[in-house]
Amino acid sequence: MANQTKYWKGLAHLNNDTAVAEKNGKEFAEYIPVEEFVGDKSTLEANTSRRDFLKFLGFSTVAATLAACEAPVTKAVPYVNRPEEITPGVANWYASTFFDGHDYASILVKTREGRPIKIEGNSLSKLNGSGTNARTQASVLSLYDSTRLRNPKMKAGNAWSDKTWDEVDGAIAEKLNASKGIAIISSTIISPSTMRAIGDFKNKYKNVQHVMYDAISYAGVIKAHASSHGKAMIPTYNFDKADVIVGIGCDFLGNWLTGGEAERQYGMTRKVSADKKTMSKHYQFESQLSLTGANADERTPVKPSQYGAIALGLLHEVGGEGVAPTVAADAVKKAGAALKAANGKALVVCGSNDPAIQLIVNAINKATGAYGSTINTSIEDFTHQGDDAAMKKLVENISSVDTVIFYNANPVYTAPKALGFEAALKGVSTKISFASHVDETAALCDFILPDHNYLEAWGDHMPRTGQYSLQQPAIRPLFSTRHAQESFIKWSGGSKDYLSYVKETWSGMQSMQSNFGDFNAFWINVVRDGVFEGMPAAAPVAEEKKVVKEEPKTDSAKADAAPVATATAGSIVFIGGTISMDEAKSQIAATKGGKYEVNIYTKTSMGSGNQANNPWLQEMPDPISKITWDNYVTMHPLDAKEMSLFGMEDETMMVRFDQMEDNLDMVNVTVNGHTVKLPVWIQPGQAKGTIGIALGYGRKGFNEYVDNIGANMYPAIGMSAGGTMVYSGDAAMTKVEGETYRIAATQTHHTMMGRNDDILRETTLAAYKTDDRAGNPLNTMHTYKGEQLTEEVSLWNDFERPNHKWGMAIDLNSCLGCGSCVVACTIENNVPVVGRDEIRKSREMHWLRIDRYYSSDTVKEVAETTGEMGTMEMYRHMESPTFDNPKVAFQPIMCQHCNHAGCETVCPVIATTHSNEGLNQMTYNRCVGTRYCANNCPYKVRRFNWFNYVEYHRFKGLNPAQDDIGRMVLNPDVTVRARGVMEKCSMCSQRIQAGKLDAKKAGTKIVDGAIKTACQQACPTDAIIFGDLLDVNSQVSKMEQDGRKFEVLENVGSRPSVFYMTKVWNRDDANATI
Amino acid sequence: MTSLWQNVRSSRLVVVLSLAFTILFSTNSFAQPDGKKLFKANCSSCHTATDKKITGPGLKGVLDRIPSGDWKYNWVRNSAEVIKSGDAYAAKILAENGGAAMTAFPRLSNEEIDAILDWAHKGDVIVGPTGPTGPVEQAEEETNPWFLIAIIIGILLILITTLRYARIHMQNAVREKEGLSEEPAAPFMEASRTWVNNNKKLVALLGVLFFGWLVVKGWYAAKGVGVYAEEVKPGKWEGYHPSQPINFSHKIHANDNAIQCQYCHSTVEKSKTASIPSAMICMNCHKGIQETATPGSKEEIAKIYTATGFDPATNAYTNTPVPLQWNKVHVLPDHVFFSHQQHVVVGAVACETCHGDVKAMGTVEQQRPLTMGWCVDCHRNTPLKMEGNGYYTELHEKMKEKYKGQPITVAMAGGIECGRCHY
């Protein structure tokens, strides 16, 4: 049965708004001001004679000839002494680790001629595997940030001056010696060696307290476990072992703990095939449509204030001492029953930082038997140890402190207004920061001692109990920066460089393994692998622990005494206390939400905002809203109507959508005494009475181009009585009259023809179990011979494929829409950043986009049951879904490498051609920019270089290639395109050619999987499979034979080499026909 | 423009001169026994055949110093063994040379060792540039045509101006005689316009000639950048011969001394670039060879020392290195991906195919057009090397079937598709 679902990319698309419909008809949506280019009106009207034309022609011939006469002399400057490991033109890979206090990933760094140019996941890592998230991918650019500080700085009066390291060390030593109380404020530190260095520092200066403070706090989870398990910790969650997953306000696919692991594990549970027709079932309760909610089988929009009631309801349903569900009772009952039936293979996670709710969640997980099955408490997660209560205490007792040291923490930007941090800091006489920019906190400091970029630094990490990883530099420091740890070592009177210090730490770990008797052999092996597993024997630690414990001076120092042991001994230091079940229940019962509740969340692209100056991340469309370069207020349409936004006073006119993206109304939102002015984005799936605003925007301290993008929402975070951060609260909103904002959203850009199953195919697990081709009927055509399969009908002859036929399969079931591939593609292929203004004109250059489709519940089958079949009413319902809860599906679209490509036949200069390996090749140096190909592309995947993005001053500060240092990140194997040429996905042809050459040199056939495209490599869930379709044993060939395979717009007859696998939902409601 | 021309001119002169010298002085190398060649190939990076010590001792008079008998063979083939045996002389020279052990040469035969030592014992003679020993081929002084044209134009301008003023003065003189008042000279532009008006045919002719010249120039320029490449005539890129910071002769190194290309261009089989050797590669030999018989060699070799920061007086790298900036000869545009390893390893293409007879060149000049048409021609005519390569097994079978006895060229397998080189 064909799928009758209507898909829509945005409200304007749904309502078939004229402006959008018109846009969709064109490849180049924006009006092209040709006449303005040519000149003003008088020029156009001027009578240019034939003689004048010939004169111009003659002149240009002369000019071109003269210009061509002189060949520039190209210089070649070889190494004076070529380093042994560098072969020009060949990449070296180094295992390292990325941890910025928000995301953790064990990585491989690709370097060319000594320059790191790409980050990939380390497949040896048990956490992230070979996939990486977008933020990790993009982090390589932070190395080449030319706005990084190049020297240590000291403040005299209000002016900064550059100093040498000796000068600042001298000045700081004086201050430290005279200091009465020192506080180190850092984000979570999972490095044993860093903790040792801080321990040394504490030993030298007895009055030191160390507070770990995270921008995004997990203190609620820690406190709940301290209460329920008697140990302050975050356990490890194994989504891959769960059959039933319930998320309560938890965006675990986008931003959860290590940022990537959950995605990988979840993706594994979502994969189906003819041999494995089972998958996990995912229920989600949340206020705002998140990436996770979009992937959920059953999603229920609720308010943040109801999370507690939901948790208690679930607890009741699974047989615990909860409260019978009152909110979303049906959904809770269903989820509860499923959890109970899962027999321990169940997992409930909650994104709230409220310890009360987290405690209830723990109780649910206990009741379902998740502990020991999907939750492992013996392996703890250390990546988020931030203790809100400790931070609060520090601020309260700030008078006992006269020196503050900030390490990888920016509390002036990230702290809630309620904490009063900035004011407290004013009373501190000496402030030292290790920031790499004069960021919000560093600007108030007296010293800035820029730390190395993570790709320049040594380091070690212990993200989990017994799981270690090493961080090795992939390049020498570009500027005069220094390991922050070296500063601690130096101030403590040590003289070791940090590498020897790290080695010293690791000499103690050698005993955890038995493969290498010699330390050097052990060390070299760990440096090569990047990861190491071993359970700590806790030998060298005990000693240090003792030393510190003898010396506590103040209360807070006592509480803080153990961190030295934290990383190696494996326990989180936490002073937040505990909470009892009764307290939790009464707190939840007392929770009342206001008229509008805000959900303060982190975006998949921006995370905590510490990479806010990264143009790749800014330009990456948000997975759900598809908005770039801004944060905004997401709102339910009825709330918008109530606030008279978008001219929705008129009862009969539900929403005026025409050019909605161009004219967003603005509102002032006040939360917890902090007011931000932001545009309103009507978000399908938003719970009524709630709004959502992302963190990580409104940063300062980089440069004029990336400062002050969006508004900072951190100050609006609330603080509970117990001291934990609260990421929700009541919001007061007023409309800003007479002001609109044009947002850069890509959701309706590059909309393909068709809104039905010619684009996207979905089915349910139940249907798939009985039929491999469920939801995926064969595509047929009426011909003179009668009904024929589309693939048998063609005007064209087939190409010969003597050697390879490259193909790509994209599994829509495991594609979660995270966008990691988009960033990976951008980096690999030197895709230019175009900035907000150009995106507003639909001119984004991404070769790979992820289309996000909403769809409604009503399909013809449903209409049959309701008796609406064939009526106008039915069609109205089909097109008008409940805004509360549309279904969402993601579909990555890149060049489909059609075997009968529309673009190839229309190019007048044969710049786009077909290879005998099935690739659609784009030859930039041949292209003259007629753009016919783009007009003829049914998939709208071709991108035109409207400007010389690498030189034109308008893109300065946005485009990394405009900068002498930023340019070093470019991939030397891929041409940087010039203005006026068309470009598109090449299926990473540089990687294909390299892979072929390797095979030729080895004299063997290409091994399946040896060549990976950039998107495939970055994908955390292995949803993208590339390979040779002529190789019958390749994975991609097998997927081509699968019943779920379909081609987008198959009826067009373009015979794409990229195909998709029908999305299977594990939905069981009566209406679920898809 | 000018600098390029000057570069080309001066480098040609130098090359021709140095070629002449090398031919003169290298002729006697054939008369020498094998010893010299063997010495150069195996020993010269650590030893000289003079008294001068570099890494190892200078070997002049070596046969007088060393123990007689088989000692020398044992020592050369495996010195470590000799030292281990407790030999007194071995211990002595080890101490004299700071404990640096000598590389073992187990493959040298007794005869070869004898030949080397005999030759080194006699000592190498550094032949300086001591006057002409034969007719030196003088390079014809090439004159920069632009310079000439500028001079001619200058002279013409002076002539025209002089004549113009002479004419004006004479006209005035005539008018004065006739009792008329002096007529002010017309402005230059106006006068030129008048002249052009009066000589339309001449101007038209000049214009046509100029246009024709431009067309010809443009045609070659277009050919040079590879738009029309079927039959590129020598004229643009072929023969491009820039001067180099060091007057490095491939003939001396690759031909006379038979050093393999890969010794210096060491990444040619591993990477897409053959790589221009780092200056330290030069030092492998030139740490010892500080001067040769070639005139001017001392100064040129000294440039390597400047580049690497080497101080020959102390035999140590104590100065600041100044990287060499070579002028690239074989330049492909940025939008072309060319892989040396693909051609050299998989295709077994000889270096000469694209680089010409480098062994006969002084500083390198471009002998092949390196245009796209030229590349494509080669791909159309060169058989694909498929035998014995497992990667091609299946393709080979298919192609044999299809083309039945015809040679299967690179192009037939898709070797001229755009996307193979442009991405």
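Let's start where the chains meet: 44 residues of chain A are in contact with 49 residues of chain B, and contact here means that C-beta atoms, placed from the backbone, lie within 7 Å. This is a predicted model, so local features need pLDDT of at least 70 and side-chain atom pairs count only at pLDDT 80 or more, while totals for chains, interfaces and linings use all residues. Residues are numbered from 1 along each chain as its sequence is written, with chains lettered from A and ligands numbered from 1 in the order in which they are written.

On the chain A side, the elements giving two or more residues are α5 (50-69), β2 (75-76) and α35 (989-1002). Helices (H or I, at least four residues) and strands (E, at least two) are DSSP runs, numbered from the N terminus. α35(A) gives the most, six residues. By class, this side of chain A has 17 nonpolar, 19 polar and eight charged residues. For the classes, Ala, Val, Leu, Ile, Met, Phe, Trp, Tyr, Cys and Pro count as nonpolar, Asp, Glu, Lys and Arg as charged, and the others, Gly among them, as polar.

β2(A) is joined by two bridges to strand β1 (residues 326-327) of chain B, and the two run antiparallel; strands pair if DSSP finds at least two bridges between them. Lys75(A) has Asn327(B) as its bridge partner.

A word on chain B itself. It holds 18 helices and one strand, and 24% of its 423 residues are buried. Buried means 20 or more other C-beta atoms within 10 Å of a residue's own, exposed means 12 or fewer, and partly exposed is in between, with C-beta atoms placed from the backbone.

Now to a sheet in chain A. Four strands form an open sheet in the order β13-β12-β11-β14, with parallel pairing. β13 (298-301) and β14 (346-350) stand at the edges with a single partner strand each, so one side of each is left without a neighbour in the sheet. Neighbouring strands are turned by 10 degrees against each other on average, direction ignored. Axes are lines fitted to C-alpha atoms, for helices over the stretch in contact, and angles run from 0 to 180 degrees between N-to-C directions. Strand β12 (residues 281-286) of chain A pairs with β13(A) over four bridges, and Gln284(A) stands opposite Arg299(A). Helix α13 (residues 307-317) of chain A packs on this sheet, touching β11 (244-248), β12 and β14, and its direction makes about 150 degrees with that of β11(A).

Which residues touch the most other members of the largest nonpolar core? They are Ala311(A), Leu314(A) and Ile360(A), in a core of 285 residues. A core is a set of buried Ala, Val, Leu, Ile, Met, Phe, Trp, Tyr and Cys residues joined through C-beta atoms within 7 Å. Ile360(A) touches Gly308(A), Ala311(A), Leu312(A), Leu315(A) and Ala584(A), leaving aside residues up to four places away in sequence.

Last, two helix stories. Helix α16 (residues 388-396) of chain A has seven of its nine residues buried, so it is largely enclosed by the rest of the structure; among the buried ones are Asp388(A), Lys392(A) and Lys393(A). And the axes of α9 (residues 192-204) and α20 (residues 498-507) of chain A come within 9 Å and cross at roughly 105 degrees. That makes α9(A) roughly perpendicular to α20(A), as angles under 35 degrees count as roughly parallel, over 145 as roughly antiparallel, 65 to 115 as roughly perpendicular and the rest as oblique.

Terms used
Two residues are in contact if their C-beta atoms, placed from the backbone, lie within 7 Å.
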